[in-house]
Amino acid sequence: MPASPSTARALNDRLALRLLQQEGPLTAGQLKQLTGLSRPTVADLVDRLTAAGLITVVGESGEQRRGPNARLYGIVAGRAHLAALDVRTEGVLVLVSDLLGRVLAEASAPIGGDTGTGPAVEQAVAAVERAVKEGGADRLHTVGIGAPGLIDPATGDLRDSAGLPAWHRSLVAALQDRLPGARVTVENETNLAALAEQREGAARDRDTFVLLWLGHGVGAAVVLDGTLRRGASGGTGEIGFLPVPGTSTLPSATDCGGGFHSLTGAAAVVSLAAEYGLPAPGPAPGPADGPADGSVAGPMDAPVDGPADAPGAVPAAVRGAADEPEAARVVRGAVARASAADERFLHALADRIAVGAASVVAVLDPGCVVLGGEVGRAGGAVLAGLVGERLRRMSPLPTEVRASGFGGTAVLRGALLTARERAQDELFGPPER
């Protein structure tokens, strides 16, 4: 059936807004060319979107041009403000941005392990409120949170997880109470990291891939046919519990010891390096990279599509929030030195990683595995290449192995992208919704 006039208008408006989001400011003539709509239809939608406060004139096209045809229209970035949170075992990182995703302010709140639930929640919420104030926002439209643990697919709530602070589960309700009108959503942090890789990182050209997160703990995120898969209970990617050869026992329902975690978690990587006689790393040289299990993180880089001060990049204060974990420094040092002992260590580590990766490949046939987390990032193309060689020998299914396109910013960037898309879906959608 043909669309009704109101539905057609809404679709045209949404198309124009998406183009302005992707391309930046455009003239009415450029909108006509890119949308294929008639001149009167474009003029009508420009009037509607201007009256709704979604777009405004932001300049003129060409130094010599004047008049209505030269007007450049852009999205009103201050129409809504967003927040992204990366919740860790030992604290929280916060960004506040405008509707275009430009970062306006940042904050962090370290939270000690002996802090009670109430005080811990208060510190985290205060960090959000501080960033909102510093960003000049009156209120938040949408808040995206990345947190360790399982997300209940039916309710969207964090489930009880052994070893994670109780304040994590109380934070969402506290934010909803203290930020009236804001839409607060929470997602597993490894899943958010995968979304960042899919939109702006190493998997931009892939509809199907697996992110293998190698950090303090290990995890995975699965994207199939462009869609993030969470599983019946929200546990897709709990690869740390995967039973694998080379361990002395089997994992249990409450303990991943004996699973893939025992081969590739941070403690196992450090122990493996000691077996090969690698020198203990010195103090971390700088900022920190973010793990998938909520612990404090290692070097945090700007998004791959721009420098650290580009719109949407993670500010330096947040990038330098913590020290790089020892496991990442061990791997980074081995790659840099490339001595005989270092190479033997990296080959042994690749053997271990390939055991878990091959299991994922055999079941899902993703065609691409991205190595993320502190260890994956530290190993870079060298470690990815070694794991790829082993997969080619172990599996008949062709699989490319890539290093992450992000440092520790992946979770925070994924949370910001998710918040922005949800806000735009509502603001750019048909009024009848």
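This is a predicted model: local features need pLDDT of at least 70, side-chain atom pairs count only at pLDDT 80 or more; totals for chains, interfaces and linings use all residues.
Residues are numbered from 1 along each chain as its sequence is written, and side-chain values use heavy atoms, with hydrogens and water left out.

**View 1. The protein chain as a whole.** The protein chain contains 13 helices and 12 strands. Helices (H or I, at least four residues) and strands (E, at least two) are DSSP runs numbered from the N terminus. Of the 433 residues, 52% are buried; buried means under 20% relative accessible area, exposed over 50%, and partly exposed in between, with a 1.4 Å probe and protein chains only. The chain exposes about 18,500 Å², and carbon and sulfur atoms supply 51% of that area. Accessible areas come from the Shrake-Rupley method with a 1.4 Å probe, and for residues only the protein chains shown count as cover. Among contacts (heavy atoms within 4.5 Å) with a separation of 6 or more, 66% are between residues 24 or more positions apart.

**View 2. The sheet with strand order 5-4-3-6-7.** Five strands form this open sheet, with mixed pairing. Strand 5 (103–110) and strand 7 (183–188) are the edge strands; each has a single partner strand, so one side of each is left without a neighbour in the sheet. On average, neighbouring strands of this sheet are turned by 15° against each other, direction ignored. Two strands count as paired if DSSP finds at least two bridges between them.

**View 3. Strand 3 and its two partners.** Strand 3 (residues 81–88) and strand 4 (residues 91–98) run antiparallel and are joined by eight bridges. These strands form a hairpin with two residues between them. On the other pairing, strand 3 and strand 6 are parallel over five bridges. Leu 82 has Ser 97 as its bridge partner in strand 4, and Leu 82 also stands opposite Thr 142 in strand 6.

**View 4. Burial of strand 3.** Eight of the eight residues of strand 3 are buried, so the strand is largely enclosed by the rest of the structure. One side carries His 81, Ala 83, Leu 85 and Val 87, and the other carries Leu 82, Ala 84, Asp 86 and Arg 88. Both faces are covered. Helix 6 (residues 189–200) lies across strand 3, strand 6 and strand 7, and runs at about 95° to strand 7. For such angles, axes are lines fitted to C-alpha atoms, for helices over the stretch in contact, and the angles run from 0 to 180 degrees between N-to-C directions.

**View 5. The sheet with strand order 10-9-8-11-12.** This second view of a sheet shows an open arrangement of five strands with mixed pairing. Its edges are strand 10 (227–229) and strand 12 (400–403); each has a single partner strand, so one side of each lacks a neighbour in the sheet. Neighbouring strands here are turned by 25° against each other on average, direction ignored. Strand 11 (residues 368–372) and strand 12 run parallel and are joined by four bridges. Cys 368 has Glu 400 as its bridge partner in strand 12.

View 6. Helix 11 (residues 340–364) touches strand 8 (209–214), strand 9 (218–224) and strand 11, and its direction makes about 155° with that of strand 8. Helix 12 (residues 373–394) touches strand 8, strand 11 and strand 12, at about 150° to the direction of strand 11.

**View 7. Strand 9 between strand 8 and strand 10.** Strand 9 pairs with strand 8 in the antiparallel sense over six bridges, and with strand 10, also antiparallel, over three bridges. Gly 219 of strand 9 is the bridge partner of Trp 213, while Val 222 stands opposite Arg 229 in strand 10. Six of the seven residues of strand 9 are buried. The hairpin of strand 9 and strand 10 has two residues between the strands, and Asp 225 in this hairpin takes a positive phi near 50°.
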